[in-house]
Amino acid sequence: MSDSRQSGNGQPAASQEAPVRRARFSLILLIPVLAIAISGWLAWKHFATQGPLISITFDTADGLTTGQTQVKNKAVTLGTVQDITLSPDMRRVTVQVQMNANSAHILTDHTRFWVVRPRINGASITGLDTLISGAYIAIDPGAPNGHYQTEFKGLEAAPGIRSDQPGSTFWLVAPAVGSLGQGSPVFFRDLPVGEVLGYTMPPGGDGPIVLQVFVQAPYDHYLRTDSRFWNVSGVQVGVGAGGLKVQLQSIQALLSGGVAFGLPQRRVGVDAPLAPANSVFKLYGSQSEADNARYHQRFKVATYVDTSVKGLAAGSQVTMFGLQIGSVTDVKLEISDPRILPKVRVEMEIEPERILSAPDTQAKQVQEFLTAFVASGMRASVQSASFLTGESMIGLQFVKNAPPAQITYEGDVAVLPSQPGGFDGIMASVSTITDKIAAMPLTQIGDHVNDLIAHADGRLNSREVTQSLVAFRNSLQNVDRLTRNADQHLPALMSAIQGTLNNAQTLLGAYGGDTDFHRNLEGMILQMSQMARSLRFLTDYLDHHPSALITGRRN
C-alpha cells in the first residue's frame, strides 16, 4: 500500500514543508535590565558619595530630627543626622551623622560642631531662619593640619572665633565683670569690632576674673602695649559744668554689657609697639579711670578731718581751683584713745604729671611745692562735688589769714593741714557768729533801752533841754544877722583892699630899684592880692552856702 497521495487529475501531489517562525526581541526585556543598571548606578553613587559616619555628643537634642536635620557650613549641606541616642549615664545625647564624601578631609581634632537654633542674648537675636527651616548643626573646620577623627563633643553655643575670620584674641583682668558675658561686644571709637568669648573664674573664687576677647582684623592692629580697656555696660549719668550728662554706648551694651578700648594720649614722636596676640590688659571700670591710668607718678598725701565725710570714698577727686590733681585712695575712721576725739583719715595720691610739665618730676620737687603752698595758707577740706548725687571730693584751697601751719610726715606720707569746707565750713562760720552773739550782754542792753524809752518824755520836758533849745534858736538868729552883715560889709572891705593894692603899686613904681624896701613892698602887695582873692572866694561860697557858717564847709 503506497503512502503517496494523488491529486485529482491522477498525478501524485508534491511534498510541502511546514513554515518556521523566527524569534523576535521584546522591549519588555529592557525594563529589568534598566532597573538593574539604575540600581547599580545608584548603589555606586551612594557608596561613592557617602562619607564617614561620625558621632557628636550634645547636652540636649532639642530641635534635632532623625533623617531631617542636616550639617551645614555656609548654607551648604555636608551631612544628615541618622540616629539620636542617649548616653549610658542619661546626661548627654549622641547624634550619629552620615557625612558626605567630600567632607572627610575637614573631620579633624580642630573641627567644632554646634546646633543653630533661635537664641536671644542681650540685644542680639540669632538663628531666626531656623524658625521655618528647623534647627541644623553648624560646623567650623578649624585650623588646617589637624588629626583625623570621627568622635566629637559639640558646643552649646556658637564660638566667638571662626577659622575663616581673621583677628586676634586678648585677655582682660578685672575684679568683677558686671553685666559682661559671652557675646558682649567690643567697641573701638563706637564701632563694634569684636566680642567677649568668655571668662574664667580664679581658683577658689578669690582674685581677679580673666576675660577672653576677640578683636577682628584690621582693628586688632590698633591695639598697642599701652592701650587701655574699660567697661561700657549700662548707662553713665553725671553732672558737670554743662549740666546733666547721660552717656549710652549702644542698646546692645545696655542690655548685654560691653567693652571699649581707645588710643592713649602720647607725646610727640613717642609710639608704643603693637600688642601681640594673647596680651594681657587691665579692664577699668569707666573711661575716666582708664584716662587717669596714663599718669604713672604718684605722691602720697593724707589729711585728718573732724567733720562729715559723707559721699567721700576711694576714687573721689582731689582738686585745686576746680581742676583734678589726684584721687582719694582710702577713707577710714581712726579712734586711738578715748580721751582724744576721733578723726577721719583721708589718704590721697597726687599725680604730679597733671600739674607739672616736666615728665620726670621728682618727689622732692613736689614736696617743695606743697611746703610752700601750706605756708601760704593752703588747706585741705571736704567739699561737695554734686548736690544731685551727694558725691564729695577733697579740695586744696588757699585760705586768707590762715593760722600758721606746716606739713608733717608719717613715714613717706605728707600730712596736710585741714579745715572745714563746703556746707560744714558754712555751718562752722555760722556757729562762730552765733557764739559771738551769745557772748554779747543782750539782757543789759535791753534793760538800758527800756529805761531810756521809759524816761524819754521826762528828759525832753526838763528845764535843761528847754534852755538848750532856746539857746540854739538864739544862735541861729545871730548867725543869720552875721550872714547879712557879711553880705553888706564884704564888698566895702574888698574895695578898700583893692585901693590899698593900687596905692602900693604906685608906691612900688616910685621907689624902684633893687633895694630891701622895694622887695618888702613887693611881698606885701603879693600877700594882699592873695588875701583879696581869698575874700572873694569866701564871699561867693557864702552866697551859695550860708549854712557853712554853722556846719562848716562840705567836700
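The model is predicted.

**Aromatic pairs**

A pair of aromatic rings is described by the distance of the centres and the angle of the planes. The structure holds ten aromatic pairs. Phe229 and Phe281 form one of them, with a tilted arrangement, 5.3 Å centre to centre and 55 degrees between the planes. This pair joins distant parts of the chain, since Phe229 belongs to strand β14 (residues 228-231) and Phe281 to strand β18 (residues 280-284), 52 residues apart. Phe229 is buried because its relative accessible area is 0%, under the 20% cut-off. Phe281 likewise counts as buried, at 6% relative accessibility.

The rings of Phe369 and Phe373 also form a tilted pair, with 6.0 Å between centres and 45 degrees between planes. Phe369 and Phe373 are four residues apart in helix α5 (residues 363-375), so about one helical turn separates them. Phe369 is partly exposed, with a relative accessible area of 34%, and Phe373 is partly exposed as well, at 28%.

The two pairs are set out below.

| Aromatic pair | Centre to centre | Angle between planes |
|---|---|---|
| Phe229 and Phe281 | 5.3 Å | 55 degrees |
| Phe369 and Phe373 | 6.0 Å | 45 degrees |

Ring pairs also link residues into a cluster that comprises Phe170, Phe188, Tyr219, Tyr222, Phe229, Phe261 and Phe281.

**A charge over a ring, and Asn73**

The charged end of Lys72 is placed over the ring of Tyr136, at 5.4 Å from the ring centre. Asn73 lies in strand β2 (residues 70-73). With a relative accessible area of 24%, Asn73 is partly exposed. Asn73 and Asp140 are separated by 67 residues in sequence, yet their C-alpha atoms are 7.1 Å apart in space. Leaving out residues up to four places away in sequence, Asn73 touches Leu78, Ile139 and Pro141.

**Ser316**

Is Ser316 buried or exposed? Ser316 is buried, because its relative accessible area is 5%, under the 20% cut-off. Ser316 is located in the loop between β19 (299-305) and β20 (317-320). The side chain of Ser316 reaches the backbone oxygen of Ala313 at 2.9 Å. Beyond its neighbours within four places in sequence, Ser316 is in contact with Gly311, Gly326, Ser327, Val328 and Ser392.

Methods
Residues numbered from 1 in each chain as written. Predicted model: local features only at pLDDT ≥ 70, side-chain atom pairs only at ≥ 80, totals over all residues. Heavy atoms only, no water. Helix = DSSP H or I, 4+ residues; strand = E, 2+ residues; numbered from the N terminus. Buried < 20%, exposed > 50% of the residue type's maximum accessible area, 1.4 Å probe, protein only. Contact = heavy atoms within 4.5 Å. Phe/Tyr/Trp six-rings, centres within 6.5 Å; stacked < 30°, edge-to-face > 60°. Lys NZ or Arg CZ within 6 Å of the ring centre and 35° of its normal. Polar contact = N/O pair within 3.5 Å; in protein donor to acceptor, adjacent residues only side chain to side chain.
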